[in-house]
Each structure stands twice: as C-alpha cells, then as structure tokens.
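Please keep the structure in view while reading.

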Amino acid sequence: MNLRRATLSGPVAPPPRGILAALLHHPSGRWGVVLGAALAAMAVAGPWVVAHPPNVPDYAAALRPPGSGYWLGTDATGRDQLSRLVDGARRSLGGALAVSVAITLIGLIVGTLAALAGRWVDAALMRFVDVIMALPGLIVAFAVIGLLGPGYVNLLIALIAADWAYKARIARACAFDAVRSPAAEVSRQFGVPEWRVVLHHVLPPVFWPLLVLGTLGLGGQIAAISAFSFLGLGVQVPHAEWGAMLADTRFLFTVAPWLLLGPSACILLSVLASNLLGEALRDLATPEGRS
Amino acid sequence: MGRALVMRLGQAVLAAFGASLLVWLMLPLAPGDPVDMILNAQRVEEPTDQHIAALRDRFGLDRPLWQRYLVWIGGVVQGDFGLSWRTGEPVLSGLMRRLPATLQLVGLSFVISVAWSLGLALVAARWAGRWPDRLVLAYTRLLAATPSFVLALLVLQFVVVGMGIGLVLSGGAGATLIIAAAILGIDRAAGWTQLLRAGLLEHLARGPADVAKARGARPGRVLAIYALPAALLPWMTALGISLGGLIGGAPILEMIFTWPGIGEHVLTALSVRDVPVIQAFVLIAVLAYVAASLVVDAMAIMLDPRMRHARPA
C-alpha cells in the first residue's frame, strides 16, 4: 500500500492520432485498455447480471466451495462471493476514479490560479503546497481519517487530501509557461478576452500532464482504498469492497482458501491495468516516447 | 555548498513547523465537541456534569486557541503529547513502548528491499533486452501491482499454510519478523528495481560507457564502473523519499502478523478517534520523514557538485 508519486520529464502533449487508436497500437497500452474495459464493464453492468443479492446472508449456504450456483463459492455468512466481487468493483474502481478526478480538478484550479494571479497569491499557495508535499501521503491520509472518523466517503476525502498538492505544483509549473507563451501573448494583443486565452492556451497544456499523472496514480488509489478498507477504516459492513472482503476472509485460511483468490486477483488486475494504461499514456504524450 | 545546505535546512524547518500547525489543527477542526469525543473514546454512556467539567479542565478545552497551540507545542517539544483519551495514559510512553518492534520491522524490510532491488536491477541491466531483463521487468510489473497486504495474505495462505510450515510462525518472534519484513521489503523492491534499472540503462548508453565498451572492457566491468556509481545517487535520493511509504505500510503488516508494533495501537486510536494518539503518531512519522529526506538531500549536495547550484525544488 503506497501512494506512488509518478514523475514526468519534458513537455507533454496529446498524441497526433486518436488517443484510443494510439493506445491500442502501444504494446502495453493494448493490454491496459482490454483489462481496464473488462473491469469497467464488470463494475457498470455487473450488478444487473449476477444471480444473488450481494449483502443478504444465507446461513444455510455458508462456506460453499466454488461450484454450480455459486461460481466462486460463498463466504462465512453464505453470501455469494461473485456477487460481492462485482458489487465491490463499484466502490474500489469508482472510488479511485472519483479521487483521481477530484485531485486533477483541484490541481488544475489551484495551479492555474496561482500562475494567473502571480505575486503573493502564487507565493502563498505554493508555500502551502510545499508544506503538504513535505508530508508523506499515507500519513496525511491516516491523519484525515483520524480527524473525520472511519468511513468510505471520509476515506475518499483523505486520499484527495493526501495527493492534491503534487498535482497543483505540476499544474502551476505548466500554467506558468503557458500564460506567458507567444500564442497567449499574441491573442491578448488582438484583444481576445482573458478567459478565452485561458480556455484555449493555458488549460490544454496543463490538462495533458495531469491526465497522464492521474492515470498513473489510479493504481495507487485502488490499492489505498482496498488497504484502508482492509484495516476497517474505509468501506463499512455490510457493503462489499475488495479489501474489506479480504479482511473478512483472513481467518478462514484453512477452511475456505478460495475466498482469498477473487478479491486478490481483482485488486492485482485493476492496479496492473491502470499502471499499463498510465505508462502507455506517458509514452504517447512525451515526444521521445512516440515511435 | 554551505548555502545550498542552509537553504535545504530552512526548508525542512518550515515543513516541520507547518506540519506541527496542521497536526495541532486536527483537534479544533474535528467535527463535534471534543468532550463528546473523549467520552466516546472512553465509552462512557451517561456522564455527569462534574465529569464533563473535569474533562474540560484537564484537557484545557476552555482556553483560547492560540494559548492551546502554545501549550501544546511547548509540551510536544518536551516530549509531552498529552494523555490518551481512551486510556488516560501519557501518549508518548504508549507509543514508545511499541516503537522498537516497528523500527525492527521497517529497518529489516528496508535492508531486504535495498539488497533485493540492487541485485535484480544489476541482473536486468547486465543482460538488458535479453531474457533475464524481460523476466525481471515482468516480475516487477506484477509485484508493483500487488499491494503488500495482498502479497502477505497470499504468502500466508499458499506458502506458510499450504506448505505446512505454519509452525514456523508460532516458533517465535524472530520467524514472524523475518517473514513480515521480507514481504514488506520485497513488495517495495519492485518499484525501486524499475527505478535503478532505468538509471543504469541511461548511464550505459552514455559516452564513457561506450568508450569503455569500444576499448573491449567486459560488460560486467562497464556496468560496475561506469553505470552503477552514477546511477546510485539519484536512486538513493528516491529511496529516502519513499521511506514514508515504508513507515505508512508497516501498520497493515503488523496487523496481519499480529506484530506488537505501533500499528495496532494507532489503528485502535483511529477507530475510536483518540486524537492525541493520532496527533503524536502523525507528527513523529512526519518528523522522521522530513529528517530522512533532509539527510538524503544533504548527502546528495555534498557528493554531487551539480546539486550545490540547483534551486531547491
């Protein structure tokens, strides 16, 4: 469990071809797209497909091994493991996505504002960002949960608090150059209003690096959500989440070893998918990575 | 060099002060009346007025905010983090009693991690592009996608229980420590291996290494003399930065292996919102992290002339 800080070097811009086509041509991006699409389909469509309600116990069917009716077996209270895996996908993947989007937006807004305002607003915001960045992300997340108490929404807030500062710093660095770029200067000379200059010449060059970093960070968010839920600080009973499901089964090693495999595989595959996607996006977005 | 060191030190002091302010703010910022939180943490159902007044007085809740910060920071400097809301014992002694076990775990896993990633990265770079390199890359991809607690559960299930060496774990603290530290270290080593491999390849592609190769130096020698020393320094800086992840990742492994470190203590504090204990843990972890990255950066400044003129990032 860790929040890795991804780094980028050099300028970042969208690939010339369509983004999906470019990803499908990239050797590891292809696998990222396939895996990611499968997991996303499971999270979105899954709950209508599965045969059993995810949260209703059925003690008569407790701890069934995988077989017909219960493809992945049942847990200690007879709930269908497959249904819970599918139901948990929404919390693990959806939560990570929500955190990444929120971090990107906050970074975009704070960074662009600092670069546009300049002077003391810039200095004050960036000193604050410096202090937050000097703190290890996991510890910040622990502190915010300590402040707000355990819970799924609180966990998401904690992860946002732990990781927004780095995005703000990157956004500010990109926006600082973009605000003073020749294209922006010329537009101003021609009397284009400042908000249109920002929309056309400042936001795009800030957005791309943040998108790449956001995708690279997605795996860390998925791992963090499952780790905190495993510790009982995230998703609460009776709701299913992959890390929380692992916590439920960790005393059933010898009785029901199959319960461990599903959630482990789901966590591993989704972190892998977002790592592959993020690396491919980084390759495509930096000039030397394009071939 | 002196100037760069002083600036870096100033940055660390600013970070430490900012962190102390943020950590202290946890108390007044926490939603709800602190007295309710204390009573909740102590699991008192129906408190008397007297009890509440005594609590307000004991934890200094009636004073103005700035006074409370000064009192708090004054105590912290002397190692007094106040009393645990849950147990009423001094926070610091509760943490200190459990700290050595955690330091053992984190220290051993750090050593394992460094050794493991150094070996793997050297193998990958020596046979770059060939099968050992591809094997190492696939391995690091897989492990980088496995959170340490998932790896711990899988190892417990399929290696320790599955191979019938479960008795090893009941054999004593030593065996538990080694297994837990190995899992934490090997999991963390995946990212570190990728980082060092990339650095080694970068330096292998540069002029000096090319000249040595053209001169007919053996590949292992080129790697050891022209790539490793140059790639090692930035890598060590990165290790210092990710120490925070190791400290933060320890509690979850302590819980799985019932290792008596601060992890379990802090998790209990988190679940009942025992704010003084959480404050102390966060502040100590942050200070350790700030100090570690300061030492690493100071080393880099002293060893690498280019760092002396670089503006602190």
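A pocket, as the word is used here, is an open set of grid points with protein on both sides within 12 Å along at least five of seven lines, and its lining residues are those that have an atom within 4 Å of a point. The model is predicted, and every value below was computed from it.

The second largest pocket holds about 590 Å³ of space. Its lining is made up of 29 residues, and those that lie nearest the centre of the pocket are A:L97, A:T215, A:L218, A:S274 and A:L277. Two or more lining residues come from each of helix 2 (27-49), helix 3 (81-117), helix 8 (194-230) and helix 10 (258-285) of chain A, and helix 3 of chain A gives the most, with nine residues.

Helix 2 and helix 3 of chain A, both named above as parts of the lining, also meet one another, for their axes come within 8 Å and cross at roughly 130 degrees. Because of this angle, helix 2 of chain A counts as oblique to helix 3 of chain A. The crossing of helix 2 of chain A and helix 3 of chain A is left-handed. On the side of helix 2 of chain A, the contact is made by A:L39, A:M42, A:A43, A:V44, A:G46, A:P47 and A:W48, while helix 3 of chain A brings A:L85, A:V86, A:A89, A:R90 and A:L93.

The table sets out the kinds of residue in the two groups.

| Group | Nonpolar | Polar | Charged |
|---|---|---|---|
| Lining of the second largest pocket | 19 residues | nine residues | one residue |
| Contact of helix 2 of chain A with helix 3 of chain A | ten residues | one residue | one residue |

Definitions and conventions. Residues numbered from 1 in each chain as written. Chains lettered and ligands numbered in written order. Predicted model: local features only at pLDDT ≥ 70, side-chain atom pairs only at ≥ 80, totals over all residues. Heavy atoms only, no water. 1 Å grid on protein atoms, 1.4 Å probe; cavity = no way out; pocket = protein on both sides within 12 Å on 5 of 7 lines; lining within 4 Å. Points joined across faces, edges and corners; volume = space filled by probe spheres on them. Helix = DSSP H or I, 4+ residues; strand = E, 2+ residues; numbered from the N terminus. Nonpolar A, V, L, I, M, F, W, Y, C, P; charged D, E, K, R; others polar. Axes fitted to C-alpha atoms, helices over the stretch in contact; angles between N-to-C directions. Parallel < 35°, antiparallel > 145°, perpendicular 65-115°, else oblique. Left-handed = near helix turned anticlockwise from the far one by under 90°. Contact = heavy atoms within 4.5 Å.
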